[in-house]
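Open the model in your viewer and keep the selection tool ready. This tour goes stop by stop.

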Amino acid sequence: MLKNLILGCLTFCLLAISLYAQQSPPPIAILGALNDEVAWLRGQLQDTSSITFTGRTFLTGNLEGRPVIIAVTGVGKVNAAMTMALLADHFTPSAVIFSGVAGGLNPDLLPGDIVIASRTFQHDLGEATADSVLNWGVRDPLTRQEMPIFLPADSLLLALAQRASSEAGFEKVPTSVGLREPKVITGLIATGDLFFSSTPKKEELRFRHSPDAVEMEGAAVAQVCYELGIPCLDIRALSDRADENAMQDFEKFFQIAARNANRIVLDMIIQ
Ligand code: ADE
């Protein structure tokens, strides 16, 4: 009798847990460094509510019926890692997608073009020698294993983003000779706590490992995700070419670049 009662309770609990799990799959988190890097997606969010932890506001809601969390990390690696750690602790996301802007390093790319990162690395983590920087992989405090210098994107998210980018309707980018369809590549993104606005400095960075773009948060988020086993992807549209015009170009192309990166994310989510 008691055995049957316990079995009945267990079955009921398992059913309730599986029903609950079906009703609320874990959310996908979308991060941007600046408010306007996620503004377009925020505008599409339904059933929103927000909660703030340690000064970081996390906006929850649905995008086309899928549960998501949108958060602004602030600029730089420490802000990004802190936000990502808080996010992981409070929400257990099933995946993290960073959607934002970057400076272009690949000479074939123009402002407005998009780099989906197959790998990210911290260009300012390592040994500064007389004529270069030798990048390091650092130890994972959880496993004591050395982490790779180049943190790989989650292969499923990468494939989803590549497919979405061939289907997403992008806003065309203004140029001196008219509107241009943005080009999308899969490539290497360098992350560090510096805004690049110098041709010699950008060439120095490009010379090491040939990154396609540079930004200030992606690899920091990727490292936290790597440690915690959370699938992660960095998508960046170029606001500038990291050269002497970078600041002016940033002002000019930031909004359209941010929206086009957001469009890939929306397409990935509704696929
Ligand atoms: N994000 C956008 N443009 C950038 C640049 N030129 N350097 C670093 N991060 C950036």
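Which residue just after α5 takes a positive phi? Select His 209: its phi is about 70°. Helices here are DSSP runs of H or I with at least four residues, numbered from the N terminus.

Before moving on, note that this is a predicted model, in which local features need pLDDT of at least 70, side-chain atom pairs count only at pLDDT 80 or more, and totals for chains, interfaces and linings use all residues. Residues are numbered from 1 along each chain as its sequence is written, and side-chain values use heavy atoms, with hydrogens and water left out.

**The start of α5**

Now select Ser 198. It caps the N-terminal end of helix α5 (residues 199-207). A side-chain oxygen of Ser 198 lies 3.1 Å from the backbone nitrogen of Lys 201.

**The ligand**

Next, show the ligand. Select Asp 240: an N or O atom in its side chain is 2.6 Å from a ligand nitrogen. At Phe 196, a polar backbone atom is 2.9 Å from a nitrogen of the ligand. At Gly 103, a polar backbone atom is 3.3 Å from a ligand nitrogen.

**α4 and α7**

Select residues 155-167 (α4) and 246-270 (α7). The helices pack at about 110°, with axes 8 Å apart. Therefore α4 is roughly perpendicular to α7 (65 to 115 degrees). Axes are lines fitted to C-alpha atoms over the stretch in contact, and angles run from 0 to 180 degrees between N-to-C directions. The contact has six nonpolar, one polar and two charged residues.

**α3 and α6**

Last, select α3 (residues 77-91) and α6 (residues 218-228). These pack at about 35°, with axes 8 Å apart. Contact residues include Ala 80 and Met 84 of α3, with Val 221 and Val 224 of α6.

Key. Helix = DSSP H or I, 4+ residues; strand = E, 2+ residues; numbered from the N terminus. Parallel < 35°, antiparallel > 145°, perpendicular 65-115°, else oblique. Nonpolar A, V, L, I, M, F, W, Y, C, P; charged D, E, K, R; others polar. Polar contact = N/O pair within 3.5 Å; in protein donor to acceptor, adjacent residues only side chain to side chain. Contact = heavy atoms within 4.5 Å.
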